[in-house]
Amino acid sequence: MFRRSGFGSGLVERVAVRIAVVGAGIIGVNAALALQARGAEVVLFDRAAPGQGASFGNAGCFAFSEVTPISMPGLAWSVPGMLADPHGPLAIRWSYLPRLAPWLMAFLKAGRSAEVARISDALSALCARAKAEYAPLLAASGAEALVRREGALFVFRDRKALEAELPEWEMKRARGITVEEIGPERLREMEPALSPDYTCAFHVPDWHHTVNPEAIVTTLAAHFRSKGGRLRRAEVDRIEDRPERLRLKPAGAPAEPFDRIVIACGAHSLHLCAPLGYKPLLDTERGYNLTLPDPQVTLTRPVCVMDKGYFMTPMEMGLRVGGGVELGGLAAAPNWDRPERMVSHAETVLPGLNRAGGAQWMGFRPSMPDSLPVIGKMPGHERLLVAFGHGHMGLTLGAVTGRLLSEIAFDAPPCVDPAPYDPARFA
Ligand SMILES: Cc1cc2nc3c(=O)[nH]c(=O)nc-3n(C[C@H](O)[C@H](O)[C@H](O)COP(=O)(O)OP(=O)(O)OC[C@H]3O[C@@H](n4cnc5c(N)ncnc54)[C@H](O)[C@@H]3O)c2cc1C
C-alpha cells in the first residue's frame, strides 16, 4: 500500500504508508505483520521487549472452540459470592467495586440469553478463521515448532456435574464445534496421570496449545523484523491527532509523524485512548498461574479442572497451573494465594504432582464486558486504529485480528463482518 508524495518538479514518488503499532503483545505483533504484508512500512513500539505483557504467561491454548462469552445467564446471582470469596474462580475486589460498576453492569447485561446468542455468533465468526490465519504465519516464522495439536480436556468428577454444563456445550456444538463426551476408561487412556476421582470429560479435539506463549510472540516479532519491520523499545507517552498531522510521542524523544497509528496496548490501552476522547469500557480480568519446573507427572494436552475453573497446560518450562478471574483493576497488589490454592487443588487432581520451585505470574487480560474485542477505527479519528479487549482469547485470535485490522486500515473488503467488534460500542 502506498501514498503519493509530490515534489516541485512534478515528479510523483510512491512512498510506503508509514504505520506505528503501539504494543508488541500477541495482538500488536500480528497487526504489525498483517499491515506489513499489505506493503506498509511498520514501526512496532513497546516499552518492553515483545511478549512481556499478558501474552507472556497465558495458558497457551489456541481455544478455537471458545465461542461463548464469560458472562452467561444466571451469573448475576453469583455476584455476592464473588465479592465474598477472594479465592473463587471469579472474584471481585471490594475496593475496586465503585470503579468497576459500569463495566460490571454491562458484563451482567451481556449474560442475557439473547445477547449470549449474538455474542457467540460473533466469536464463532472469528474463531472459524483463527486457525487458517495462523497456519501460514506459524510455518513461515518457525513458530510451528512451538505448537502441539493434541486437543483439550474439560474434566468433571461425575456425570451430574458434566450434565449441568451441557447447555453451554450444546451452544458450541450448534456452531459447528466438535465436542466428545468421554467416560472414565477413555479419560484414563488419554491422561493416565489424572486421579480416578475425575470420571468424565468433554474432549475438544480441535484445540492446539503452545509449549511457550512468550516464544510465540518473540518468534513472530523476529519474523516481522526479518521482513524489514522495525522494533522500537520506547514507552509511548501520547498521540496527537490534528487535521494537519498525526504524531506519536515516545518518552524522552521528539514526536514522530505517521500516516496511521494502531493502539494495541492490551489492558493498558486507555492511557493512550482517553486523552483523544475515546474511553471504551475496557477493564481487566486478572489471571494467575504457577509454572512447576519439575512436576513429576505428565500431561499430553491442556486439562481444565471444571469444579475449580483452572487449567493445567504442559509446557517446555514445566506444567503451568492457573487461570481464574479476579476483577481488581490494574493497580492492586497480586493475591498470590489464588494460584497457590489452585496448585494445592491440582495436587489432588494429579497425584504425585511436585510443586517445588513454581514460578508465579499474574497477567492482565484486556477485557470488554461482552467478551468481544474492539477492532477498527477509533471513533472520530479516521487515521487511528485500535485492537484490544481480547480477554481470554488473545492468543487464539491474534492472527485473524491482524488480518481484519489491516483490511479496515486500508478500506479493503473485510474477511468477517466487523460490526460486532466496533470500537464505538461501549464508548
Ligand atoms: C492467566 C491467563 C491465561 C490466559 N490463557 C489464554 C489462553 O490459553 N489462550 C488465549 O487465547 N488467551 C489466553 N489469555 C489471554 C491472552 O493472554 C490475552 O488476551 C492476550 O495476551 C492480550 O494480548 P495483547 O497483545 O492485547 O496485550 P499484551 O500482551 O498485554 O500486550 C500489550 C503490550 O503493550 C505494551 N504497552 C502498553 N502500554 C504501552 C505504551 N504506552 N507504550 C509502549 N508500549 C506499551 C505492553 O508493554 C505490552 O507488551 C490468558 C490470559 C491470562 C491472564
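**A loop, a helix and their surroundings**

Tutor: Gln296 has a relative accessible area of 55% and is therefore exposed (exposed is over 50%, buried is under 20% and partly exposed lies in between, with a 1.4 Å probe and protein chains only). The model is a predicted one, in which local features need pLDDT of at least 70 and side-chain atom pairs count only at pLDDT 80 or more, while totals for chains, interfaces and linings use all residues. Residues are numbered from 1 along each chain as its sequence is written, and side-chain values use heavy atoms, with hydrogens and water left out.

Gln296 is placed in the loop between E17 and E18; helices (H or I, at least four residues) and strands (E, at least two) are DSSP runs numbered from the N terminus. Its phi is near 65°, a positive value in a residue other than glycine. Arg301 is found in the loop between strand E17 (283–292) and strand E18 (303–305) as well. With a relative accessible area of 9%, Arg301 is buried. Its side chain makes a polar contact with the side chain of Glu191 at 2.8 Å, and reaches the backbone oxygen of Met190 at 3.1 Å. A polar contact here is a pair of N or O atoms within 3.5 Å; within protein, one must be able to donate a hydrogen and the other to accept it, and residues adjacent in sequence count only if both atoms are side-chain atoms. Leaving out residues up to four places away in sequence, Arg301 touches Glu150, Gly151, Ala152, Leu153, Met190, Glu191, His209, Met312 and Pro314, where contact means heavy atoms within 4.5 Å.

Strand E17 itself holds Gly287, which counts as buried because its relative accessibility is 8%. Apart from neighbours within four places in sequence, Gly287 contacts Gly323, Gly324, Trp361, Met362, Gly363 and Arg365. Gly287 and Ala59 are 228 residues apart in sequence, yet 9.9 Å apart in space, C-alpha to C-alpha.

Ser55 belongs to the loop between strand E4 (41–46) and strand E5 (61–62), and is buried, with a relative accessible area of 11%. The Ser55 side chain reaches the backbone nitrogen of Ile26 at 3.0 Å. Beyond residues up to four places away in sequence, Ser55 touches Gly25, Ile26, Pro213, Glu214 and Val217.

Helix H8 (residues 213–226) can now be described together with its partner, helix H4 (residues 113–141). H8 has 14 residues and reaches 20 Å from its first C-alpha to its last, close to the 20 Å expected at 1.5 Å a residue; the expected span is 1.5 Å times one less than the number of residues. At the start of H8, a side-chain oxygen of Asn212 comes to within 3.2 Å of the backbone nitrogen of Glu214. Just after H8, Gly228 takes a positive phi of about 100°. Within H8, the buried residues are Pro213, Ala215, Ile216, Val217, Leu220, Ala221, His223 and Phe224. An α-helix has 3.6 residues a turn, so residues three or four places apart point the same way.

The axes of H4 and H8 come within 9 Å and cross at roughly 75°. Axes are lines fitted to C-alpha atoms, for helices over the stretch in contact, and angles run from 0 to 180 degrees between N-to-C directions. H4 and H8 are therefore roughly perpendicular to each other (65 to 115 degrees; under 35 counts as roughly parallel, over 145 as roughly antiparallel and the rest as oblique). From H4, Tyr134, Leu137, Leu138, Ala140 and Ser141 make the contact, and from H8, Ile216, Thr219, Leu220 and His223. These residues divide into six nonpolar, three polar and no charged. Ala, Val, Leu, Ile, Met, Phe, Trp, Tyr, Cys and Pro count as nonpolar, Asp, Glu, Lys and Arg as charged, and the others, Gly among them, as polar.

Pro69 is buried, with a relative accessible area of 4%.
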